[in-house]
Amino acid sequence: PAPTAGGECGTLGQVNFVRDTLQEWYLWYGQLPDPDPAGFATPEAYLQAVRYMPRDSSFSYIGDQAATDAFYSDSQFIGVGFSFRQTDTTQLRVSQVFPGGPAAAAGLARGDHLLTIDGRSVAELLQTGQLNDALGPAEIGFSLTLSWRSPGGPERQATVTKRLVTIPTVSATRVFDNGSSRSGYIFFRNFVTPSTEALSRAFDQLGADGATDLVLDLRYNGGGLVDVARHLASLIGGEGTAGRAFVRFRHNDKKTANNETVLFESRPNALELPRLVVIATGSSASASELVINSLRPFMNVTVVGARTFGKPVGQYGFDFCEKVLFPVAFATENAEGEANYFNGIPANCAAPDDLDRQIGDPREASLAESLHFLRTGRCSGQASTEAEVQARRRAVIPRPYEGDPWRQLIGAY
């Protein structure tokens, strides 16, 4: 649904639009307070003040309409073109660099240690909570100077200027000889419109290469479109899931007419796999979790890595005043009614995100653990020990995108 705001787009008009939309569509509308709309300086401030915090501390948000369209339509955003992960209280390491972006042109690579931003140390920015401010606005032409060091290498520095960057939706598709099986591997980044064709091509390749099982890498995938999630799950499940319940949507009691069951599709290039391994982290959210949860009634799905983000709910987009309101409007359930994973889906086999290896390298810890599980049917103790240490660190270290739903979704700057 995408109704436009009536009347003028002054502050009060925008706040009233958010208020009225929440009262009609918000899954927990009965828990909303009703403060005076005139007391808020922005619609964002109003949303933050009234959201149902026990379940929705960051899911609902207001985004820029142009940025939203660019992301969902073309897998694009304005930025430097990299992602990073906080590895302790004072350090950031680059986790991904998007080809063709400013960061790639400057020479940054996965595993690099980010040292300073415009002369300020990363350690200081993390300690003061000013990292987002230091990275600046998502504006074409905004420049910042970064310094970094590759493992074992000298310190380097470059000035990068933000521009439109394309995130490859599927950037790695491989098949490994893995004992008696041929293990396919897909690194999948986001559930957006271009993903449908990219996934179809990837599964064509896996089928041609004789894949007999699959490792689906969703470690940085913050979610996106439900239709793309159904397409991916149908390519995995094949005729064994076709026509069966993929997801059930449950709305509030004002919108029960919108409740529906969405079915798996029949896809000619589906692999129809007997088992699936998913690589996940705390950055795997929403549609990523939906794929895991929806396939579990029909096949053995093993999660390798770490506990997922925890978002068993979804949003609709409501356009107003060159913005989009994304309120939580429905809960999701699989064919067996399983839905309550607000604390995330736990990993069956713990494994760290190994920044010393490239994505798709069979020696990278999470992929190595996945291949080990497919080969042996059990987890390796060493990987579990390393991941437990990493998990304890994450318990006290805030994620870089904490509290910023848009960044949680795209997972990049």
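This is a predicted model: local features need pLDDT of at least 70, side-chain atom pairs count only at pLDDT 80 or more; totals for chains, interfaces and linings use all residues.
Figure 1. Residues are numbered from 1 along each chain as its sequence is written, and side-chain values use heavy atoms, with hydrogens and water left out. The partner of C349 is C379, with the sulfurs 1.9 Å apart (a disulfide here is a pair of cysteine sulfur atoms within 2.5 Å). The torsion about this S-S bond is -70 degrees, a left-handed link. The bond ties together distant parts of the chain, 30 residues apart: C349 lies in strand β21 (residues 349-350), and C379 in the loop between α10 (365-376) and α11 (381-396). Helices (H or I, at least four residues) and strands (E, at least two) are DSSP runs, numbered from the N terminus. C379 has 31% relative accessible area, so it is partly exposed.

**Figure 2. The C9 to C321 disulfide.** Here the S to S distance is 1.9 Å. The torsion about the bond between C9 and C321 is about -85 degrees, so this disulfide is left-handed. The two cysteines sit 312 residues apart, with C9 in the segment before α1 (11-25) and C321 in the loop between β18 (318-320) and β19 (323-326). How accessible is C9? Its relative accessible area is 40%, which makes C9 partly exposed. C321, at 21%, is partly exposed.

**Figure 3. T302 in strand β16.** T302 belongs to strand β16 (residues 300-305). With 4% relative accessibility, T302 is buried. What does T302 touch, leaving aside neighbours within four places in sequence? Its contacts are L276, V277, V278, N348, C349 and F373 (contact means heavy atoms within 4.5 Å). T302 and C349 are 47 residues apart along the chain, and their C-alpha atoms are separated by 7.7 Å.

**Figure 4. S366 and its surroundings.** Look for S366 in helix α10. At 2% relative accessibility, S366 is buried. Its side chain reaches the backbone oxygen of P352 at 2.7 Å; a polar contact is a pair of N or O atoms within 3.5 Å, where within protein one must be able to donate a hydrogen and the other to accept it, and residues adjacent in sequence count only if both atoms are side-chain atoms. Setting aside residues up to four places away in sequence, S366 touches R219, I279, V304, A351, P352 and D353.

**Figure 5. A few of the salt bridges.** The structure holds 19 salt bridges, each a side-chain nitrogen of Lys or Arg within 4 Å of a carboxyl oxygen of Asp or Glu. Side chains of opposite charge can pair when their charged atoms come close. One of the bridges joins D56 and R51, whose closest N and O atoms are 3.2 Å apart. Are D56 and R51 buried or exposed? Both are buried. R182 and D177 meet at 2.8 Å, N to O. R182 is partly exposed at 29%, and D177 is exposed with 63% relative accessible area. D361 pairs with R363, the closest N and O atoms being 3.0 Å apart. At 13%, D361 is buried, whereas R363 is exposed at 54%. Salt bridges with shared partners also join R85, R110, D217, R219, D353 and E364 into one network.

**Figure 6. Helix α1 packing on helix α2.** These helices pack at an angle of about 35 degrees with their axes 8 Å apart, α2 being residues 43-50. Axes are lines fitted to C-alpha atoms, for helices over the stretch in contact, and angles run from 0 to 180 degrees between N-to-C directions. The crossing of α1 past α2 is right-handed; a crossing is right-handed if the near helix is turned clockwise from the far one by less than a right angle, and left-handed if anticlockwise. Which residues make the contact? From α1 come Q14, V15, V18, R19 and L22, and from α2 come P43, Y46, L47 and V50.

Terms used: Buried means under 20% relative accessible area, exposed over 50%, partly exposed in between (1.4 Å probe, protein chains only).
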